[in-house]
Amino acid sequence: MGELVKFIAKSLVDNPDAVQTNEIEGEQSIIIELKVAPEDMGKVIGKQGRIARAIRTVVKAAAAKEKKRVVVEII
């Protein structure tokens, strides 16, 4: 899941080297922390959070196969 988020974020930002993900796995859920450069924060979030919501939707669909709950936090 973390690699999927990292791939999507790298394709959106101007500085792909600054993209980092951290996965925290629990029993039934996974928390994915996404860190990007401060100047790329707006590109990952999008207008009114549309891009962030789309990233979360894609990851949630991929996690449904594993029957896990995924939370994506953009830091």
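# Salt bridges, sheet and helix packing

Lys43 is partly exposed, with a relative accessible area of 34%. This residue belongs to a predicted model, and a search of the whole structure finds two salt bridges in it. One of them joins Asp14 to Lys43, with the closest N and O atoms 2.2 Å apart, and because Asp14 lies in the loop between helix H1 (2-12) and strand E1 (20-25) while Lys43 lies in helix H2 (residues 41-45), the pair ties together parts that are 29 residues apart in sequence.

**Salt bridges and their surroundings**

- In the pair formed by Asp14 and Lys43, Asp14 is exposed, its relative accessible area being 59%, whereas Lys43 counts as partly exposed at 34%.
- A salt bridge also brings together the side chains of Glu25 and Lys68, at 3.4 Å from N to O, and this pair links distant parts of the chain, since Glu25 is in strand E1 and Lys68 is in the loop between helix H3 (50-64) and strand E3 (69-74), 43 residues apart.
- Glu25 has a relative accessible area of 55% and is therefore exposed, the cut-off being over 50%, while Lys68, at 23% relative accessibility, counts as partly exposed.
- Once its neighbours within four places in sequence are left aside, Glu25 is in contact with Ile30 and Lys68.
- Between Glu25 and Lys67, which are 42 residues apart along the chain, the separation of the C-alpha atoms is 13 Å.

**The sheet and the helices on it**

- Three strands form an open sheet, in the order E1-E2-E3 and with mixed pairing; E1 and E3 stand at the edges, each with a single partner strand, so one side of each is left without a neighbour in the sheet.
- From one strand to the next, the twist averages 20°.
- Strand E2 (residues 29-35) pairs with E3 in the parallel sense over six bridges, and Ile32 stands opposite Val72 in E3.
- Helix H1 packs on the sheet and touches E1, E2 and E3, its direction making about 155° with that of E1.
- Helix H3 packs on the sheet as well, touching E2 and E3, and its direction makes about 155° with that of E3.

**Helix H3**

- With 15 residues, H3 reaches 21 Å from its first C-alpha to its last, which is close to the 21 Å expected at 1.5 Å a residue.
- The buried residues of this helix are Ala52, Ile55, Val59 and Ala63, and because they fall within an arc of 70° when H3 is seen down its axis, they line one face of the helix.
- An α-helix has 3.6 residues a turn, so residues three or four places apart point the same way.
- The buried residues of H3 pack against H1, E2, H2 and E3, whereas on the other side of the helix Arg50 and Lys60 are exposed.

How values were computed. Residues numbered from 1 in each chain as written. Predicted model: local features only at pLDDT ≥ 70, side-chain atom pairs only at ≥ 80, totals over all residues. Heavy atoms only, no water. Salt bridge = Lys/Arg side-chain N within 4 Å of Asp/Glu carboxyl O. Helix = DSSP H or I, 4+ residues; strand = E, 2+ residues; numbered from the N terminus. Buried < 20%, exposed > 50% of the residue type's maximum accessible area, 1.4 Å probe, protein only. Pairing = 2+ DSSP bridges. Axes fitted to C-alpha atoms, helices over the stretch in contact; angles between N-to-C directions. Contact = heavy atoms within 4.5 Å. Expected span 1.5 Å × (residues − 1). Arc of directions from axis to C-beta.
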